[in-house]
Amino acid sequence: MNLTAILAIPTLTLLAVLLVPRARQARWAALAGAVAQLAASLWLLVHFREARSSGDSGFLFQWQHAWYADWNIQFHLGVDGISVAMILLTALVVVAGVLVSWEEERMSKTFFGLLTLLGLGAYGFFCSLDLFAMFFFLEVAVVPKFLLIALWGSGRKEYSANKLAIMLMGASVAILMGIIALMYSAPGGQWSFDMLHIAGWEIPADTQTTIFALIFIGFGVFTALFPFHTWVPDGHSSAPTAGSMFLAGISMKLGGYGCLRAAVWLLPKGAVAYGDTIVVLSVVAILYGAFVTLMQTDLKYINAYSSVSHCGFVLLGIGMLTKAAVAGAVLQMVSHGLMTALFFAVIGMVYARTHTRQVSEMGGLMRAMPFIAVLMFLAGLSSLGLPGLSGFVAEMSIFVGGWERGTNFHQAATMLAAMSIVVTAVYVLRAIGATMMGPLRQEAHSSLTDAAWYERVAALVLTAGMLAMGLAPEWLNELVGPDAAAIADRLAAP
Amino acid sequence: MKTEWMVMAILLAVLLFRLGRGLAQSTLLSLVQLLLLLSTALSLTGDSTTPLFGGMYLNGPLAAFQKSVLLFAAWMISLLFSDWQRESSHLSEYLILLLSSLLGMCFMVSSGNLLMLYLSLELATIPMAAAANLDLGRKRSSEGAMKLILSSAFSSGVLLFGISWVYGTTGSLDFGVIAKGIDGSPLQTLAFMFLFAAFAFKMSAVPFHLWTADVYQGSPMPVTAYLSVVSKGSMAFVLVNLLHGMFRSMSGAWYHLLMVVVLATLVVGNLFALRQQDIKRFLAFSSIAQVGFILLGMTGVRPLGPSAVTYFVLIYILSNLAAFGVAALVSARTGIEDIPSYKGLAKSNPFLAWMMALSLFSLAGIPPTAGFFAKMFLIVEGAWQGDYWFVVAAAINIAVSLYYYMRIVRLLFSEPEKSIPTLVPAPSERLGLLVCAVGMVLAGLLSWIYDHISTLN
């Protein structure tokens, strides 16, 4: 398996989208490319499992190319189980995102081009082993988000787009400083951005803690670390449907993956020093996010704030520092990515028909659009952690991992975090009940159509992923387990 | 000295055509475009490195390349601003002034003696003041020219003052001899401050930037572009040479001075750029902020510094000229120079809007454009001394600058309020913009341009 294919396919897709003669053909180019990307990621998964079962460990399929030799920057690709899981998630969300935007007619070339570019940034980010290249891909994904919100968004789109761009760019500066400081902290002046080299360095504990703070806060902003989560609700609710799906399904995962890979893995002493702080902040985010969601009346804001709460679980898993919890954090990223993308897709479908996102203006929609209503149930139930769906597997793993730490502090934090599930159940069931169940609130809604073919396919792709994870969690556990354990082992070593 | 000979030959050719029967404007312009392209290509083939005039003129491989960069920029300017140039009633004067200034810059980059530096600096700046006045019918143009001549005369005076003290303390004007005599005595520190102030003036670093916006707004567009990219670029080349060569042993002293200037330049440039409504003034302040980054890259005293600065200047030329090129085209055809009127440009002129957007991305340092790489190298270089708080403070400015660059990108692609007519760029303008676009996209992703610069150093 050649990893350059993972980057070449989206690049070719981007060129195809921009070069097709007519604007309406752009969506077909984007869809063909997205399907090819999904096929490539499945192919990668198969090969990866083969290689792992034949005994290979560490980063597989490595590919190296000197980029800027003066600065020791290389183009170094390689994947472990965590990256494969994230690449798979990205591919699923990209396919679904392209499909739900099928009827986007305004500047559709640019629109699909930006979606593809965002996906390309994410793929590159997840398979880079060089910090500089990783940062490069992270930044590639920032501007498409800004433009998607600013140009195709709704509501206070300019405010939201600016807020998102400035907060993420500020976060990037912190990350950049972190990686430059990390590079210069090389023992004996053997500077390198290569993570495999850096992982082998003996970096003094106080240097580690300083750099860890920079990198973790930077990536934390991307994944809604409290108190830097404020861009999330505005950004998600102003974005067009596919934009929200990409933001919550892919972009926030860039942050979680970055925290794990660049901060925790490379700087274990820093992670140990800050572990408890992360736990406190993430428990605050989980509870605060859940309670704020209770008060929301707009479906998109409900899902956006619940994302803050759910991404808190990712950070909680990381902060707990045990094998099960770290693995749970990765599972939660995949699970939340799929579930929230589905939720945003459904909200988009409802909004396209009713032209409102206010819960109070809807009711009984199940009679008009049963398929969409079922999808909303699935997404909601996964969100509240029902066994059999993806959310349960991930959250359970984090709770087990947190409890394993054994101290009163960590067990109390685990219990507090677990209590948020009750709140989640309240807001999810209330929102679904009010919009879908009961008699039709508005007469005009009885004539609404159910999901079109492209919406059905988009939803089925995501649902398939959720079910595959919820009903048969072993394969995903096998995939990310060993690599999560490798990260956790480094934490235990000192 | 090949490059200088070529520039001089073009200059003389234009002069002779002017004195003789003359050529049609467009023929003359095409000829100059062709000759500039040819000399850029020839200058890239390398040049002899023997010192001339008793060490007054030194030519290293990097200096030769830097001159090619300046020539390339002059060629791009001759391509991109063909609207204004063809319609100007003083095309030959304009060309002669510009080429003499270019000649001065080439000598300046190669100077090995303070006297030579001073003379070539004057040759580089005085013609620009005259060129700034070439929009004879506009009062603003004269005002800009007046401000430019006064401020450059003043800064030349400051430079001479600094030179006299360097001479007084070291007894020589030769760079090599001076470098040995620099010991960081208070008098020399003062002399350095005067020299630095003069360069800060020319590069419009804060607090010596006050002339910039007015001059940029008043001057004809090609002159503004020339001032903003070629003039600043050549000053950056010379300054990095002085800092890393002659004043290397004083680096402990100038590092802190540079730190203050970098932060002030970035902050002031960005804060003023936030509020500009005129595209030329906007580009003026954004270029002030860019100078802050150039200076940031000079703070690390190691061989990578000059390569990073040279690379940045090249990328900056490509990015800024594309923005100026679009602005000049729109201004020449429709008279629009205020930013809000650009709203919806993408609807009627997708090519121009994309070029503008690409150049703004590159100026903002957004990947995959080359501006990202150029800026990153300067930041990595600036962090070499280990003052991370300083570099963080500088890098935060990228986030600020993103706001105002993106503001324009958003406008370009929004729904238009009043429609801008479809503008068809002339072939030379299209070529110029395409060269910029290819450069901005590929010069970063492919590392060989940087690698080439780095082998020269």
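Select α14(A), which gives the most to the lining of the second largest pocket, with 6 residues. A pocket is an open set of points on a 1 Å grid over the protein atoms alone, with protein on both sides within 12 Å along at least five of seven lines. A cavity is a set of points where a 1.4 Å probe fits but cannot get out. Lining residues have an atom within 4 Å of a point. Helices (H or I, at least four residues) and strands (E, at least two) are DSSP runs, numbered from the N terminus.

This is a predicted model: local features need pLDDT of at least 70, side-chain atom pairs count only at pLDDT 80 or more, and totals for chains, interfaces and linings use all residues. Residues are numbered from 1 along each chain as its sequence is written, chains are lettered from A and ligands numbered from 1 in the order in which they are written, and side-chain values use heavy atoms, with hydrogens and water left out.

**Stop 1: the second largest pocket**

Stay in chain A. The second largest pocket has a volume of about 530 Å³. A volume is the space filled by probe spheres set on the points, with grid points joined across faces, edges and corners. This pocket has 24 lining residues; nearest its centre are E104(A), T241(A), G348(A), Y351(A) and A352(A). Now colour α11 (241–265), α14 (323–354) and α19 (453–471) of chain A: these elements give two or more residues to the lining of the second largest pocket. By class, its lining has 12 nonpolar, 6 polar and 6 charged residues. Ala, Val, Leu, Ile, Met, Phe, Trp, Tyr, Cys and Pro count as nonpolar, Asp, Glu, Lys and Arg as charged, and the others, Gly among them, as polar.

**Stop 2: helix α11(A)**

Where is its kink centred? Go to L247(A): the kink there is about 35°. The bend at a residue is the angle between axes fitted to the seven residues ending there and the seven starting there. Next, check the span. At 1.5 Å a residue, the 25 residues of α11(A) should span 36 Å, and the end C-alpha atoms are 34 Å apart, which agrees. The expected span is 1.5 Å times one less than the number of residues. Bring back the surroundings. α11(A) is largely enclosed by the rest of the structure, because 24 of its 25 residues are buried. Buried means under 20% relative accessible area, exposed over 50%, partly exposed in between (1.4 Å probe, protein chains only).

**Stop 3: two loops in chain A**

Most residues other than glycine have a negative phi, and most peptide bonds are trans. Here are some exceptions. Select M107(A), in the loop between α3 (81–100) and α4 of chain A. M107(A) is not a glycine, yet its phi is positive, about 45°. Is M107(A) buried or partly exposed? At 26% relative accessibility, M107(A) is partly exposed.

Jump to A224(A), in the loop between α9 and α10 of chain A. A224(A) also has a positive phi, about 65°, although it is not a glycine. A224(A) is buried, at 1% relative accessibility. P227(A) lies in the loop between α9 (205–222) and α10 (231–238) of chain A. A cis peptide bond joins F226(A) and P227(A), with omega about 0°.

**Stop 4: the largest pocket**

Show both chains. The largest pocket has a volume of about 1700 Å³. Of its 47 lining residues, the closest to its centre are L14(A), L15(A), L18(A), P368(B) and V441(B). Which element gives the largest share of this lining? Select α1(A), which gives 8 residues. The lining of the largest pocket divides into 36 nonpolar, 8 polar and 3 charged residues.

**Stop 5: inside chain B**

Select P207(B), in the loop between α9 (186–203) and α10 (212–218) of chain B. A cis peptide bond joins V206(B) to P207(B), with omega about 10°.

Now look for cavities. There are 7 cavities of 30 Å³ or more. The largest cavity has a volume of about 120 Å³. Its lining includes A124(B), S151(B), F201(B) and W211(B). α7(B) gives the most to this lining, with 4 residues.

Finish at the second largest cavity, with about 80 Å³ of space. Select V32(B), A74(B) and Y226(B), which are among its lining residues. α5(B) supplies the largest share of the lining, 5 residues. By class, the lining of the second largest cavity has 10 nonpolar, 2 polar and no charged residues.
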